[in-house]
Amino acid sequence: MHEVRIHGRGGQGAVMASGILAAALVGEGRHVMAIPAFGFERRGAPVVAFLRFDDREIRRVTNIYAPDTVIVIDPTVARSVDVFAGMKPGGTLVQSTKKAAADMVLPSHLARVALCDAVGIAMAIFKRPITNTIMLGAFARATGLVGIDSLVAALEATDFRDAGLKQNIEAVRRGFDETIITQLAAHAA
Amino acid sequence: MSAPATLKATSRTMVIDGNEAAAWGAALSRPDVVAVYPITPQSSLVEYLAKFIAEGKMDAELMDVEGEHSVLSVLHGACLAGGRTYSATSAQGLAYMFEPYFRTPGLRLPMVVSLVTRDSVTPCCVWGGQQDAMTVKEVGWIQMYCETQQEICDSIPIAYKVAEHADVMLPVNVCHDGNYLSYGVARVDLPEQEVVDAFLGEKNVNWHACLDPERPMAVDPLTGGAGGIGPSTFVRYRKGQCAGMAAALDVIVAAHEDWGRRTGRYWSPLIEDYRMEDAEVALVTIGSMTGAAKDAVDDARLDGRKVGLVKIKTFRPFPAKVIAKALSKVKAVGVVDRAVNFGWNCGPVFQEVLAALYANPTRVPLISFIGGLAGADITPEHFGRAIADTVRVAAGETMSSPIWLNEFDQ
């Protein structure tokens, strides 16, 4: 079982991203359970969504406390919440940021960071900092656990309220192409 | 993880949350009239229904009325006119619906209403829990609790089959947990429309009393009192209602069996036994908490503890005999509730199981666990503690009950 926690801010589509990722994984034959953490939804407030997938039936309908991978779709939300809380040793961080890995303070048990200037890409594509689908491309690149074609197929089945399908397909592909992966020394092969 | 591709998706495969699964279950059952008023965490369910109707995926009259009292009142009229009816509500909405809600089973109206279960104020909260559904357990509605999104979708057609059965003629609440199921997303394979149509058969919703201008009739005149045929007439109605409830147990089993034959999905109709064959202690669960509890049972088995689990699907009518039988061989039972029974200082399911076991020749000690209130999570670790405590009870230890599973959450 692989467990993912997505951090974002209200209005950025973290919950929608978990639904799209779930659909992509089901398309590949996985069992998936995606649960949004809940609060009083408001724009800008920190938001969390959980997703677990496996080749076996998933029975637990619970939140995720020890993720294998953390996706942070907002560059500043890590100032407000501990995005590394409970992360399994050897895990992967997929982070929206302009920074380089060397300029970041990272916990020692991380194995890999995947960084993507998702806001820069989003401003070019959407003219707004909507980074959710870009960061799904970054997740695919960082982990290899979902195929880019499966993500595109899931996007095609998604009902977008205020952004076009074509733009989102470009977004997920650019997220995939423009993510920089760093293996951290302690875990280098 | 190994390479995927074990589970082929089909054109009927959806990846949706529990509220959308319920809306699809309703749409596939072809109700004539749907009346709605939104309330968290049910709101998206009725938004899906409105969308399906607007897009022509569902051919039903949508009545967007001013509150839940009106929701159920207009559905009374629709159902008395022979229509198949559907709605959904939660918590305070159910409270506001209560006056017509109480009348529905007595009128023998076979409607289906989803309860997207939520804890009930006060303290003010809008999150999952089963306090709302448990509070109305004595009103005379059938109650079935779902464990997964797929089971939600499938249980709504099953509920119509039960409700409209001539031996039953009672309303059904299909309950699914707010938040964890209502917003939780998983794979759902929609049954084919033709399969649901064949399962439900020709629509004959209300053959016993039908509003018809050609044949005027009075429905529900003043009945009872202390004189003449009043008392005996009232008793006749009440006895009939109780007989319908009792008959529902067999009908529920048959309807689930029929559904299984048509779809390949055989849901446990009344209760599900999990690893009970040689179990020395058992947990009793209800709803979406069950998956985490099964994982905890497997963990305890790996540690050499003989633990089993009994999940309740049908809570009303209470399947007392099958529960007593399922729990007849264990040395202790831990019942996990997602609601509170204030009168007995325990969980409501606990009290029911306690009563069911009274008929057993051997006295089994029970312990009440209460968790998952107001959206709280019940994790495999919480269930692990519940199992450990139940094992201690089996060993003869006396423990203070109830045990509040989330009391020390940080």
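In α4(A), the residues I148(A), L151(A), V152(A), L155(A) and E156(A) meet L165(A), N168(A), I169(A), V172(A), R173(A) and F176(A) of α5(A) (contact: C-beta atoms, placed from the backbone, within 7 Å; helices: DSSP runs of H or I, at least four residues, and strands: runs of E, at least two, numbered from the N terminus). The model is predicted: local features need pLDDT of at least 70 and side-chain atom pairs count only at pLDDT 80 or more, whereas totals for chains, interfaces and linings use all residues. Residues are numbered from 1 along each chain as its sequence is written, and chains are lettered from A and ligands numbered from 1 in the order in which they are written.

The contact of α4(A) with α5(A) comprises 8 nonpolar, 1 polar and 2 charged residues (nonpolar: Ala, Val, Leu, Ile, Met, Phe, Trp, Tyr, Cys and Pro; charged: Asp, Glu, Lys and Arg; polar: the others, Gly among them). The axes of α4 (residues 148-156) and α5 (residues 165-177) of chain A come within 10 Å and cross at roughly 160° (lines fitted to C-alpha atoms over the stretch in contact, with angles from 0 to 180 degrees between N-to-C directions). The two helices α4(A) and α5(A) are therefore roughly antiparallel (over 145 degrees).

Chain B is assigned domain 1 (13-200) and domain 2 (271-404), with bounds from an automatic or database domain assignment. Their contact takes 19 residues from domain 1 of chain B and 20 residues from domain 2 of chain B. On the side of domain 1 of chain B that touches domain 2 of chain B, α6 (131-135) and β6 (142-145) of chain B each supply at least two residues, and β6(B) gives the most, with 4 residues.

Notes:
Two residues are in contact if their C-beta atoms, placed from the backbone, lie within 7 Å. Angles under 35 degrees count as roughly parallel, over 145 as roughly antiparallel, 65 to 115 as roughly perpendicular and the rest as oblique.
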